[in-house]
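Please have the structure open while I talk.

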Amino acid sequence: MNGASLLDFARGPGFEVAVAMLAFGVVWRLVGILALRRPVDHSEPRTGWGWVGGLRLVFSRSWPRREFRERVLHWDIISYLFHIGYAVAILGYVPHILVIRNLTGLRWPGLPGGVIAFFAGISAAALLALLGHRMSSPVLRRLSNFDDYFSWLAVFAPLVTGLMAYYNMGDSYQLVLGLHVLFGDLLLAWLPFGKIMHVILFAFSRATTGTVYGRRGAAL
Amino acid sequence: MSTTTLDTPAGSGGTASAPDRQGTLSDPERLQRAMASFVLDFGATAALYMESCVHCGQCAEACHYYVQTGDPKYTPIWKIEPFKQAYKRQIGPFSAFYRLFHLKRPVTTDELGKWQELIYDSCTLCGRCTLVCPMGIDIPSLVAAARHGMEAAGLTPHDLWEPTDRAEREGSPLGATRQVLKERIAWLADENSVKIPLDLEQADILVTISSVEIMKYPQAIVALARIMNHVRASWTFRSDGYEATNFSMLSGDKKGQRNATMLLINAALAVQAKIVILPECGHAYQAFRWTGANIYGKPLPFRALHISEFLAEEIRANRLTLKSDPRSMTFHDPCQVARRGGVFEAPRVIFRALGAQLHEMSSTPAANWCCGGGGGVVTIHRADSLRHRVFHLKMQQVEDTGADILVSSCSNCRLTFDDGQAFFHWDKTAHSLLELVADNLAERH
């Protein structure tokens with residue numbers, strides 16, 4: 001398979017399979033979790049507005065409480081650099097916007113390639129730092145499993161191949177671009193099955209805890 | 001502050017390696033029971049938590065066990081690892097896939113045994129980890145579910161199982177039986193010349209108590225009586241529903257927890273109580289205030305208040321008036337009452353009414369360090385050295401306030417402080433907020 005046919009496959013059937021797996025996987029996993037029983041809480045709420053706590057925690061937990069900042073804020077900042085850089089690269093790059101437009105009909109103006117490359121570079125550097133942290137921290141080594149490392153790879157591979165394609169690195173542009181799109185397909189297909197699903201689950205999880213403890217007037 | 005050194009090196013848990021076992025079940029039977037209980041417990045909330053963890057490890061940074069030892073095994077989410085594995089293999093949305101391709105191996109009884117010290121000895125259910133988790137996962141609720149499974153399998157630390165068993169047989173984990181309660185009340189009423197109503201047929205307020213107070217801090221009963229009489233309340237103790245600690249909840253015995261809760265509910269219904277007052281005991285508050293109605297199966301037909309909430313309400317209503325006590329004080333917010341229970345303001349209303357100089361601790365009341373004795377940990381003696389390590393953190397936090405007097409509103413915390421004070425030859429004694437109020441009742445005109 002040469003670069004051109006790889007690119008055709010990745011943009012065509014590869015992409016279609018990936019989107020189908022994404023849609024099916026997200027629905028399957030969400031239903032599999034949310035369809036489990038949810039007992040009614042009969043305790044008298046301190047405040048009748050538990051859902052306000054839920055909504056509040058969805059947003060407030062995006063930044064650590066002041067009591068924990070000394071111990072965790074530096075890694076949160078690096079994590080934000082990765083997430084923001086990644087989001088800008090995906091949503092700001094014109095070719096990506098065209099893919100999204102073809103799929104959903106939505107469109108918005110893109111950013112210059114140089115800006116995208118800058119954000120992608122920041123994101124890649126932050127991802128490498130996070131991997132280093134995962135491999136060197138005794139706590140993270142203890143917790144980490146296949147999902148952590150495979151998900152890291154699934155996120156890093158399209159990023160680095162995208163940068164390579166932008167800077168025309170490698171012998172064949174089409175091959176590098178084909179690999180970039182293929183890795184993008186892999187990311188979409190893997191998203192619902194591993195930890196990357198937290199891009200959706202974080203809101204449910206935070207809202208659940210916020211609602212339970214919000215009605216108690218407890219700490220959030 | 002004392003210079004007593006800790007008796008285990010950093011990184012050592014200092015707990016026994018062989019897990020305690022109850023009964024004569026075979027290993028497969030224990031495993032089957034643990035997993036059956038675990039599956040029964042599972043709902044959408046626990047599943048969401050299991051699915052949302054991104055293995056960021058931040059929960060370790062909030063846990064006093066990890067902070068004090070640096071040992072990664074004390075990472076809160078790691079404490080439920082076998083149950084996480086079991087969830088993914090048995091219940092999760094991709095469980096069939098995991099089983100088909102052998103991607104998650106079955107949990108073994110040996111693993112459950114190894115995890116006993118992480119599920120019991122080194123988790124006070126304090127909930128500090130919940131406050132740091134970027135996903136908002138409430139890890140203590142998962143540890144509680146894991147304890148249900150462990151208890152069903154007969155894998156509870158014996159030091160916790162024994163008082164639980166005693167509570168279920170005798171009505172109290174510490175031998176404070178009905179008869180003992182009656183004798184104590186008669187003696188305390190006589191000794192202190194205070195009226196302590198017991199077993200009235202009707203009263204507006206049912207007052208409950210913890211066994212720790214009955215057996216170790218009986219002045220709490222006198223303090224309660226003085227205050228209730230001072231505010232001219234219609235109140236009573238009931239010998240058929242007095243013990244609020246609920247050790248069964250701590251060990252993970254759901255049936256025992258239910259029975260202990262129903263004793264209090266039935267006693268309250270019998271006297272047609274409008275209010276049930278819960279004692280200075282964090283887990284009692286959690287077990288009754290936030291779980292009682294769910295055990296009852298419908299909203300409780302009376303209010304359930306922690307004693308500090310009741311005192312604050314009486315102060316606000318001008319029924320409880322206090323003499324000034326302007327000493328320099330700090331307050332240890334019990335985790336289950338404040339962080340996880342929502343009672344933050346009430347004790348501060350009381351300190352204001354006393355005119356005390358309150359020196360707050362370095363972290364907010366919400367993220368206060370746990371004393372290290374909650375969740376039944378104070379009863380598990382093999383965990384004493386580890387508990388002293390985490391107590392040191394609390395002791396430092398109290399010292400940093402510069403306050404002269406340490407006050408709390410949980411007798412279990414008080415017990416832990418007393419033990420830590422003796423171990424470290426510390427010059428601070430934890431005082432009861434309830435007793436502080438009783439000592440400062442203004443004369444009624």
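A crossing is called left-handed if the near helix is turned anticlockwise from the far one by less than a right angle, and right-handed if clockwise. Helices are DSSP runs of H or I with at least four residues, strands are E runs of at least two, and both are numbered from the N terminus.

This is a predicted model, where local features need pLDDT of at least 70, side-chain atom pairs count only at pLDDT 80 or more, and totals for chains, interfaces and linings use all residues. Residues are numbered from 1 along each chain as its sequence is written, with chains lettered from A and ligands numbered from 1 in the order in which they are written.

Chain A, then. Helix H3 (residues 50–60) and helix H10 (residues 198–214) of chain A pack at about 140°, their axes 6 Å apart. Axes are lines fitted to C-alpha atoms, for helices over the stretch in contact, and angles run from 0 to 180 degrees between N-to-C directions. That makes H3(A) oblique to H10(A); under 35 degrees is roughly parallel, over 145 roughly antiparallel, 65 to 115 roughly perpendicular, and the rest oblique. The crossing of H3(A) and H10(A) is right-handed.

Now chain B. Its four strands form an open, parallel sheet in the order S2-S1-S3-S4, where two strands pair if DSSP finds at least two bridges between them. S2 (235–236) and S4 (303–306) of chain B stand at the edges with a single partner strand each, so one side of each has no neighbour in the sheet. Four bridges join S3 (residues 275–278) of chain B to S4(B), and B:Ile275 has B:Arg303 as its bridge partner in S4(B).
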